[in-house]
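Dear colleague,

Please find below the structure that I am handing over to you. My notes on it follow directly after.

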Amino acid sequence: MARSRASIKASAFDDVSLDHVRVSVYRMGDATPLYRQKLGRAPFGFAFDVPDLDTTDTSRNTLLIRAEAIDSYGAEVCGVLDADNAPGACGNSTWDRHF
């Protein structure tokens with residue numbers, strides 16, 4: 001059976017210069033990411049293989065998708081222009097459950 005792929009697109013900018021965006025995907029309960037990549041230029045898009053459903057521990061069917069924008073000084077870019085679509089600031093991530 002073929003695995004599903006998820007495509008993600010992140011938007012990022014800085015008032016001076018954006019160096020790159022680091023993206024990571026974690027499975028609930030795992031410290032090691034399923035996927036990690038450094039994206040050097042826009043558009044900041046990537047795709048990853050969605051893991052098979054865990055029928056014995058359904059809490060593991062939740063994924064964390066994290067994107068961190070890094071400016072030309074090496075600092076993480078914080079700030080949210082659209083709180084409805086991107087709640088929080090630096091350090092916040094989005095968990096998504098798939099069934």
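Predicted model: local features only at pLDDT ≥ 70, side-chain atom pairs only at ≥ 80, totals over all residues.

Residues are numbered from 1 along each chain as its sequence is written, and side-chain values use heavy atoms, with hydrogens and water left out.

The structure contains three aromatic pairs; rings of Phe, Tyr and Trp (its six-membered ring) pair if their centres lie within 6.5 Å, and planes under 30 degrees apart count as stacked, over 60 as edge-to-face and the rest as tilted. One of them, Tyr35 with Phe48, is tilted, at 6.4 Å centre to centre and 40° between the planes. Tyr35 belongs to strand β3 (residues 35-39) and Phe48 to strand β4 (residues 44-49), so the pair ties together parts that are 13 residues apart in sequence. Strands here are DSSP runs of E with at least two residues, numbered from the N terminus. Tyr35 and Phe48 are both buried, buried meaning under 20% relative accessible area with a 1.4 Å probe and protein chains only. Together with Phe46, they form one aromatic cluster.

Strand β1 (residues 5-10) runs antiparallel to β4 and is joined to it by six bridges; two strands pair if DSSP finds at least two bridges between them. Within this pairing, Phe48 is the bridge partner of Ala6.

The largest nonpolar core has 13 residues, and Val23, Tyr35, Phe46 and Phe48 have the most contacts inside it. Such a core is a set of buried Ala, Val, Leu, Ile, Met, Phe, Trp, Tyr and Cys residues joined through side-chain atoms within 4.5 Å. Two or more residues of this core come from each of β1, β2 (18-27), β3, β4 and β5 (62-71).

Asn61, in the loop between β4 and β5, is buried, with a relative accessible area of 7%. The side chain of Asn61 reaches the backbone nitrogen of Asp54 at 2.7 Å. Arg66 lies in strand β5 and counts as buried at 19% relative accessibility.

With kind regards

Methods
Helix = DSSP H or I, 4+ residues; strand = E, 2+ residues; numbered from the N terminus. Buried < 20%, exposed > 50% of the residue type's maximum accessible area, 1.4 Å probe, protein only. Polar contact = N/O pair within 3.5 Å; in protein donor to acceptor, adjacent residues only side chain to side chain.
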